[in-house]
Amino acid sequence: MKQTVVIYPSPGIGHLISMVEFGKQIINHHPSFSITILITTVNPSTTAQTTPYINRISQSTPSIIFHHLPNPTQNQPNHHQIPSIFEILHKNNPIIHKSLQTLSLSSTISAFIFDVFCATSLQVTTQLQIPSYFFFTSGANALSVLLNFPTLHKTNTGKINSHNLPNTYLNLPGLPPILATDMPSPIFNRNDKSYESFLAISNSAIQAKGIIVNTFESLESRAIKAIRDGLCIPDSPTPPVYPIGPLIAEPTAGDHGDSSNVDCLTWLDEQPRGSVVFLCFGSGGVFSAAQLKEIGVGLERSGQRFLWVVRSAPTEDKSKRTLASVEPDLESLLPEGFLDRTRDRGLVVKNWAPQVDVLNRESVGGFVTHCGWNSILESVSAGVPMIGWPLYAEQRLNRVVLVKEMKLGLWLNESEDGFVTASEIEERVRALMESEEGRELKERVLVAKDEAKAALSEGGSSRSALAELVESWCL
Ligand code: UDP
């Protein structure tokens, strides 16, 4: 029977890309494998972001098959309530069970690879006796925090709480000292709905046959070593760890079917080398109208060339937040006259830009990023230094690692409620684009770019980790 590997990503482009790219690497290494990707549909805006990518991969790589799961919450009586991602994916379990049983009639399932929010599927695959691996789409530093979570849960019985949080530093194995407020938010809040879910995820990762992480040895050597040495999981054996990254999307210009996507690349090609700062905040980054205006003022005063992806400010109506992104009205969102005054040196793109293509344009010299892990890896792989402006999930932690550990980006100072002033934006952008500090960052990121390439090349650390893993499925 044909051998297949089943990959089960959480919804969202940031989870999908690295897991599909992982599937492509498996096939490159072992062309007789096929890959089945289980897709969960949650809302129209996520579907709008992922569909072009899925279509392209389906056409280019026929041995990757996308299996769209029916939405398990569609016919729920309380369908007006938006279920949490944990609920949706837990409800998927009976469907996953059935899909795997059906698939096993025609193929041998060599491995099941599950993503962070899909961790309860381990219950199903353990029952079906399918070797199962935890795939972590963020980096090894964040993985170290996740694996430490059950220990923190046991030892921190209320010692760190909302009162002392802002002044407490944590020293976790393999990580630089991290301020408690820079940790992913549920970690010190036992009342947070997702607290128990993250604890369960951590335990699933620990029980998996192996842990695959989208990073490479030289980028996060300290964290990887601490995990491998068992320092993050003191009470039980640590599964083998496979750093196989950086797995990032190939350039995708035009994927989104909108000509402005391609137009911005043409514009970039007309700008001088290293002169443009790119501002883009992941698949979900949005700002208030006041913050958007402030960014505009800061960018204008910086005097730098820029390419800026702008989305509408979030609506107060929570039920509309998951609708496909509405077209932003730039005239009303940006400072009055901004577009006219910056016409010669700036371009604003609505909602989405082909980020990997943009970062690889010679004219791009800096990236203001929300510190999503894919964005960081894409910037490193393109040799572009960053400014970190974290917005959600584990991005505050990623910023500490980016700035203090890797030294590949600058820190953007925000007020307690997250607001960043125009003068801070102006200063930081200038520092990145024209100071000695910026030049040193550029030099370091170019070294990291070469190391990333080497890790994926023949004999490189990521290529070897992948080979070891895939070959273990062929025994
Ligand atoms: N992305 C893009 N264009 C955009 C916004 C995002 O191509 O305008 C891509 C980006 O290149 C990355 C992914 O979407 O591959 C976002 O992943 P990341 O981990 O950086 O952030 P998340 O969206 O998960 O917060």
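Reader: How many salt bridges does a search of the whole structure find?
Author: The model is predicted. Searching the whole structure for salt bridges gives a total of 22.

Reader: Are Asp340 and Arg343, which meet in a salt bridge, buried or exposed?
Author: The side chains of Asp340 and Arg343 pair at 2.4 Å, N to O. A residue counts as exposed over 50% relative accessible area. Asp340 has 52% and Arg343 has 53%. Asp340 is therefore exposed, and the term for Arg343 is likewise exposed.

Reader: How many residues apart in sequence are the parts that Arg399 and Glu414 tie together?
Author: Arg399 and Glu414 form a salt bridge, with their closest N and O atoms 3.2 Å apart. Arg399 belongs to helix α15, residues 395-405, while Glu414 sits in the loop between β15 (409-411) and α16 (422-434). The pair therefore ties together parts whose separation in sequence, in residues, is 15.

Reader: Is Arg399 buried or exposed?
Author: Buried means under 20% relative accessible area. The relative accessibility of Arg399 is 0%, so Arg399 is buried.

Reader: Which helix holds both Arg428 and Glu424?
Author: The side chains of Arg428 and Glu424 meet in a salt bridge at 3.1 Å, N to O. Arg428 is buried at 15% relative accessible area, and Glu424 is buried at 9%. The two residues are 4 apart, about one helical turn, in helix α16.

Reader: Which residues do salt bridges that share partners join into one network?
Author: Arg399 has a salt bridge with Glu414. Through shared partners, salt bridges join these residues into one network: Asp182, Arg396, Arg399 and Glu414.

Key. Residues are numbered from 1 along each chain as its sequence is written. This is a predicted model: local features need pLDDT of at least 70, side-chain atom pairs count only at pLDDT 80 or more; totals for chains, interfaces and linings use all residues. Side-chain values use heavy atoms; hydrogens and water are left out. A salt bridge is a side-chain nitrogen of Lys or Arg within 4 Å of a carboxyl oxygen of Asp or Glu. Buried means under 20% relative accessible area, exposed over 50%, partly exposed in between (1.4 Å probe, protein chains only).
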